[in-house]
Amino acid sequence: MNWDRVKIQMQHWLPKHAVSRLVGKFAAARAGWFTQLFIRWFIRQYKIDMSEAIHEDPKAFKTFNEFFTRYLKPELRPLTAADDNQFAHPVDGAISQLGDIEEGRVFQAKGHDYSLTELLGGDPRDAHAFRDGDFATIYLAPKDYHRIHMPCDGVLKKMIYVPGDLYSVNPLTVANVPNLFARNERVVAIFEADFGQFAMVLVGATIVASIGTVWSETVTPPRGSDVHTWEYPTAGDQALRLKKGEEMGHFKLGSTVILVFPDDVIDFADELKPGTVTRMGTVLGERDD
C-alpha cells in the first residue's frame, strides 16, 4: 500500500476546518494538568530545545497557545542581517522553494505552480508589482519558533484575509496537492519600502489554531467565506512603520510564510536551497542595486 497516497486522500475528506477550530479551542483553554501533560508530550515528540525559551520551565505556560508562541532569548536570535543592504530571514524554519516568479506564476514543487494573483487575494493590481519578481517560501515545523519578523523596514499598506482550505503544508502535501498555497486560508500583508512594495503571506494549515498580526491581533479565526481587505495610511502619524527584525505576526501551530519581492530587488544568499534551515535574523539575501 502506498501510505503517502493514503495520507493525501485522508486530507481531502478530513473536515479540516472543524478539526482545526476544535484544536484551537483546546489550545486556548486553561486545562490545568492536562495542558501541562500535553505540552510536555509535545516537547518530547518534537525534540524542542526549551533552553532557547525565555521561560524554560513548561509550568510557566497556562495554555498550549502560550507555550507554542513562546518568546526566545533575544541574544539567541541576533539580527546578523544588520547591514542596510541585507534582508533578514523572517522566521525559524526551512526553505521550501525560492526563486523567480515567472509571468505571474510561483513555483510550488515539481509539476506544480500557482497564480500569484490568487495567492495575494485575487486583485491583479496587488500582484502587478511582483509579476516577474522573486519569492521565498519558508515552512515552519511544529518544533520551530512561531513568531514572524520583518525582513526589512516597511510601512504597512494593506492587509487581506483570504478564506480557503486548511490542508497541511508539510513537504508531502506540498509535493502532491496542486495550488496548495493559493487555496489554503491565508493573511496577506503588503508593505511599502524604499525599493517599492513587498508582501508577506501567512498561510494557514490543518490545526493551525490562529493567525495574528501585531497591528490587528487575531485575524483568523473566525473570519468567514469572503475576502476582507484593510487599507492603512503610509504617511503621517497614523502610519504603521516596522523595522527590520521587528515582530509582525504569529502562528498558533505550524505553517508557512511566503515572501514576495519585485524584480531586481533581492539576490538570495548563495547557500539557500530547498531544505536549508533558516534562523530569524540571519541573512536572507542582499539588495540587488
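Glu 192 is partly exposed, with a relative accessible area of 27%, where partly exposed denotes the range between buried (under 20% relative accessible area) and exposed (over 50%), computed with a 1.4 Å probe and protein chains only. The structure is a predicted model, in which local features need pLDDT of at least 70 and side-chain atom pairs count only at pLDDT 80 or more, whereas totals for chains, interfaces and linings use all residues. Residues are numbered from 1 along each chain as its sequence is written, and side-chain values use heavy atoms, with hydrogens and water left out.

Glu 192 forms a salt bridge with Lys 157, the closest N and O atoms being 3.9 Å apart, a salt bridge being a side-chain nitrogen of Lys or Arg within 4 Å of a carboxyl oxygen of Asp or Glu. This pair links distant parts of the chain, since Glu 192 is placed in strand 8 (residues 186-193) and Lys 157 in strand 7, 35 residues apart; helices (H or I, at least four residues) and strands (E, at least two) are DSSP runs numbered from the N terminus. Lys 157 is likewise partly exposed, at a relative accessible area of 28%.

Because Lys 158 lies in strand 7 and Glu 231 in strand 12 (residues 228-231), the pair ties together parts that are 73 residues apart in sequence. Glu 231 is exposed, with a relative accessible area of 62%, while Lys 158 is buried, with a value of 11%. The C-alpha atoms of Glu 231 and Leu 156, which are 75 residues apart along the chain, are separated by 8.5 Å.

Lys 158 also forms a salt bridge with Asp 126, for which the closest N and O atoms are 2.9 Å apart. Here Asp 126 lies in helix 6 (residues 124-128) and Lys 158 in strand 7 (residues 154-162), so the pair ties together parts that are 32 residues apart in sequence. Asp 126 is buried, with a relative accessible area of 9%. By the stated rule the count comes to 14 salt bridges.

In the loop between helix 6 and strand 5 (134-139) is found Ala 129, which is partly exposed, with a relative accessible area of 37%. The C-alpha atoms of Ala 129 and Phe 261 are separated by 8.2 Å, although these residues are 132 residues apart along the chain.

On the surface, Trp 33, Phe 34 and Leu 37 form a nonpolar patch with about 380 Å² of accessible area together. Patches are made of residues with over 30% relative accessible area and no salt bridge, like charges being joined within 9 Å and nonpolar side chains (Val, Leu, Ile, Met, Phe, Trp, Tyr) within 5 Å; accessible areas come from the Shrake-Rupley method with a 1.4 Å probe, and for residues only the protein chains shown count as cover. Phe 34 is placed in helix 3 (residues 33-46) and is partly exposed, with a relative accessible area of 40%.

The second largest pocket has a volume of about 210 Å³. A pocket is an open set of points, on a 1 Å grid over the protein atoms alone, with protein on both sides within 12 Å along at least five of seven lines, and lining residues have an atom within 4 Å of a point. Among the residues lining the second largest pocket are Asp 84, Phe 87, Cys 152, Lys 244 and Arg 287.

Terms used:
1 Å grid on protein atoms, 1.4 Å probe; cavity = no way out; pocket = protein on both sides within 12 Å on 5 of 7 lines; lining within 4 Å. Points joined across faces, edges and corners; volume = space filled by probe spheres on them.
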